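Subject: Structure handed over, with notes

Dear colleague,

Here is the structure I promised to pass on, with the sequence alongside. My notes on what was found follow directly below.

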Amino acid sequence: MEYLHHPIWTQRYTDFLNGQDSRPARIVYQRDRARVIHSASFRRLQAKTQIFGLSESDFYRTRLTHSMEVAQIGSGLVEQLMTVGLANDLNGGKEADYLPWLPSVYLIEAICLAHDLGHPPFGHGGEVALNYMMRHYGGFEGNAQTLRILARLGEYTPVNGLDLSRRTTLGVMKYPALYNEMIATNENYQRQLAEPEVTDFRTLQMDRWSPPKGLYQEEKAVFDWVLAPFSESDRQQFTELAPCDGSCHDRTKYKALDTTIMELADDIAYGIHDLEDAVAMKMVSRDRWQAEVMENPVFKHYALWGDEMTERLFSDSSRARKHAISKMVGIMVESIYMAENSRFEHPLLRYQAKLAEGEAAVLDLLKAFVFKNVITIAEVKGMEYKGQQIVLDLFKSLRANPHTLLPASSYAKYQAAEGDQAQQRVICDYIAGMTNTYASRLYAKLFLPAQGSVFDML
């Protein structure tokens, strides 16, 4: 059997291309984590916000602190699965079969820290704006951009990006399907692609241009390499799509073991840690929390905590609020268990980390509460819209004037690119890598008469 330490999973794409041997797992996964932490894409996450604008408070989370919290929760989930798996052995029984396949702490932290590297400026709004500008050139999607950084753009190797191990790359791939295949069956989207170019972006209905969750055609070779150890049957099922009715994008159906752990950690961070930001910034009231969460039939059915949690969460003491958030996270982490999907042969696809029924239902409730009362309120959507306009205008100008507006390094890539799509991807990569701050300053420098100097440091 191919266990965690088998060289097929520690192999890097560069090793594969050059016929080189893989290194031991402890070294490889530790270095995977180090490559992510020391990458420029990871550092830029400090200037990409989770919810709020960068100048609003020193308290709230950025994409960087979010990724660190996801990594911390992810390692906690692995530790809990290990503890539960060993419990039977301590009681004289057989240890769980999944134990040899659990990711190490280095591995799960590398995956969690890398999961948001492709996040563009201005969040989902920036993602949709870039997808519109790339709609005829392979599209844009944040998770696809993450794989692109790992496989091509990261600075660790000249042509193979951060060049992480096969198993780390598999864990980061949340949506194992190709973008082009996913839009092909969406009849509405295909009709939209035939629409004439919009010249006034303020009239553009952006919600029509949300991308499918998938990977770019440009990274297909790496995608195939990652899945190569699986049987043909497993590969076919793993990349299976849940069909839509022609009015929406098809969706992927399955995720690998490590991805299920990372996604649970991401959901816990989103539903609970982002809730803390909203409470601290007084975006949600105690009365609304009481009505929409504590009195919700779902919560009343499972009742994971009592009124003392509300008292702490809405206390004037930040220490009490932190204690409440920590308690909520602990409740979620301690409910994790390992399920099996018998459709798959390989353990990395068959084993699936899940939360217990009650904890999963309450976490969904918390995520819906944050989405309704924070993510979709007019004040936040207004900032998202503003960010979209910045991205659209920057792309339009760079597309028209690449020789004068692209930085020298990006323009060199643009000139070397073969074909129109490859050239547009260079522009897209440049904008996608921007922080909120950089994009805003570049916009001001280019378009605001009172701003801009050759001496400006963006």
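Asp 163 is found in the loop between helix 8 (142-153) and helix 9 (166-172), where helices (H or I, at least four residues) and strands (E, at least two) are DSSP runs numbered from the N terminus. Its phi is near 55°, a positive value in a residue other than glycine, and with a relative accessible area of 6% Asp 163 is buried; buried means under 20% relative accessible area, exposed over 50%, and partly exposed in between, with a 1.4 Å probe and protein chains only. Ala 303, in the loop between helix 16 (297-302) and helix 17, also is not a glycine and has a positive phi of about 40°, but at a relative accessible area of 47% Ala 303 is partly exposed. As background, most residues other than glycine have a negative phi.

Before going further, please keep in mind that this is a predicted model, in which local features need pLDDT of at least 70 and side-chain atom pairs count only at pLDDT 80 or more, while totals for chains, interfaces and linings use all residues. Residues are numbered from 1 along each chain as its sequence is written, and side-chain values use heavy atoms, with hydrogens and water left out.

For the chain, the secondary structure comes to 25 helices and 4 strands. The radius of gyration is 23 Å, close to the 23 Å that the globule rule gives for 458 residues, so the chain is as compact as a globular protein of that length; the radius is taken over C-alpha atoms, and the rule is 2.2 Å times the number of residues to the power 0.38. The C-alpha trace spans about 70 × 60 × 45 Å along its principal axes, and 55% of the 458 residues count as buried. Of the contacts (heavy atoms within 4.5 Å) with a separation of 6 or more, 73% are between residues 24 or more positions apart.

Two helix pairs share helix 20 (residues 357-375). The axes of helix 14 (residues 257-280) and helix 20 come within 9 Å and cross at roughly 45°, the axes being lines fitted to C-alpha atoms over the stretch in contact, with angles from 0 to 180 degrees between N-to-C directions. Helix 14 and helix 20 are therefore oblique to each other, given that angles under 35 degrees count as roughly parallel, over 145 as roughly antiparallel, 65 to 115 as roughly perpendicular and the rest as oblique. The contact includes Ile 268, Tyr 270 and Leu 275 of helix 14 and Leu 363, Phe 369 and Val 374 of helix 20.

Helix 15 (residues 286-294) and helix 20 have axes that come within 10 Å and cross at roughly 135°, and are therefore also oblique. Here Arg 288, Trp 289, Glu 292 and Val 293 in helix 15 meet Leu 365, Leu 366, Phe 369, Lys 372 and Asn 373 in helix 20.

Thr 310 sits in helix 17 (residues 307-313) and counts as buried at 1% relative accessibility. Leaving aside neighbours within four places in sequence, Thr 310 is in contact with Arg 286, Trp 289, Gln 290 and Met 294. Helix 6 (residues 105-114) is mostly covered, with 8 of its 10 residues buried, among them Glu 109 and Cys 112.

Best regards
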